[in-house]
Amino acid sequence: MQITEAKSGAWTVLKLEGKIDDAGSAELKAAMAPHLASGALALDFSGTEYIASVGFRVLMQAFKEMHAAKGRFVLGNMSDSLRRFFDIAGLTAVFKITPKLSDVINAAP
Amino acid sequence: MSAPLRETVTLRNDRAEIPRLAACIDAFCRPLGPDRESLMSFHLALEEAVTNVINHGYVDGKPHEFTVTLAAGDGGRVTAVVTDDAPAFDPLSHPPVDTSLPLEQRPIGGLGVHLMKNLMESVRYERRDGRNLLTLVWLPARSRPA
């Protein structure tokens, strides 16, 4: 998968394109690692339709680390079908998921 | 154009095989006209099943081969059977995932099987003739009339 990093105020935005499968999850984990200690990390899912269980585990671990570090972690721009996979995994109530990332990023100081 | 009703693909126990499996799933299923989201569910479920075999099935660290058979029929359903000769293991024996638990209390494993069970019409395991058979039955939602 391709991961593009951008800054937007206090936020680091990772735009994800491709499949979050075994290989994609390893890439995602590496891309998130420098940003988990603190701060604000946003994941833009507009370019992906596929996430395997290993991808969910990587996100759950990142969420725990962010939570412990009192950082902000938000997921957004998901298609309805991708969002359904998060629903089935029982993670829509765990993660902060927003339809439009730009709303959260621009609203937060 | 009529789709083949049955196809078997032989895979090595190597994660690099997953893209080839994904291409086979597409080639087999596209002529059946499933909608995109439904096809993605089948990809996800079957690739979880195969990834399990590749990552956990063979414990001797040696190269092995196993098969995935796709069959169409029975009211538009597609059946996938993953057959491997690894040691007996029933992935469905994993305790169900309790998605109401807070994240801290959820066990690490089991999510792949949870997704499989919830995305497919049925998932069945049997041990037969020294082989593990995992059968996934998918009822595609259609984007256009068949």
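Two strands count as paired when DSSP finds at least two bridges between them. Keep that in mind as you click through this predicted model.

**Stop 1: a pair of strands.** Select residues 77-84 of chain B, which is strand 3, and then residues 131-138, strand 5 of chain B. These two run antiparallel and are joined over seven bridges. Strands of a sheet pair through backbone hydrogen bonds, either parallel or antiparallel.

**Stop 2: the whole sheet.** Now zoom out to the open sheet of chain B, where five strands line up in the order 1-2-3-5-4, with antiparallel pairing. Which strands sit at the edges? Colour 6-12 (strand 1) and 122-128 (strand 4) of chain B, since each of them pairs on one side only. From one strand to the next, the twist averages 15°.

**Stop 3: helices on the sheet.** Show residues 18-29 of chain B: this is helix 1, packed on the sheet and touching strands 1, 2 and 3 of chain B. Helix 1 makes about 175° with the direction of strand 1.

**Stop 4: helix meets helix.** Keep helix 2 and select helix 3, residues 111-119 of chain B; their axes come within 9 Å and cross at roughly 140°. That crossing is left-handed. Show side chains at the contact, including Leu44(B) and Ala45(B) from helix 2 and Leu115(B) and Met116(B) from helix 3. What kinds of residues make up this contact? Six are nonpolar, three polar and one charged.

Conventions:
Residues are numbered from 1 along each chain as its sequence is written. Chains are lettered from A and ligands numbered from 1 in the order in which they are written. This is a predicted model: local features need pLDDT of at least 70, side-chain atom pairs count only at pLDDT 80 or more; totals for chains, interfaces and linings use all residues. Helices (H or I, at least four residues) and strands (E, at least two) are DSSP runs, numbered from the N terminus. Axes are lines fitted to C-alpha atoms, for helices over the stretch in contact, and angles run from 0 to 180 degrees between N-to-C directions. Two residues are in contact if their C-beta atoms, placed from the backbone, lie within 7 Å. A crossing is left-handed if the near helix is turned anticlockwise from the far one by less than a right angle, and right-handed if clockwise. Ala, Val, Leu, Ile, Met, Phe, Trp, Tyr, Cys and Pro count as nonpolar, Asp, Glu, Lys and Arg as charged, and the others, Gly among them, as polar.
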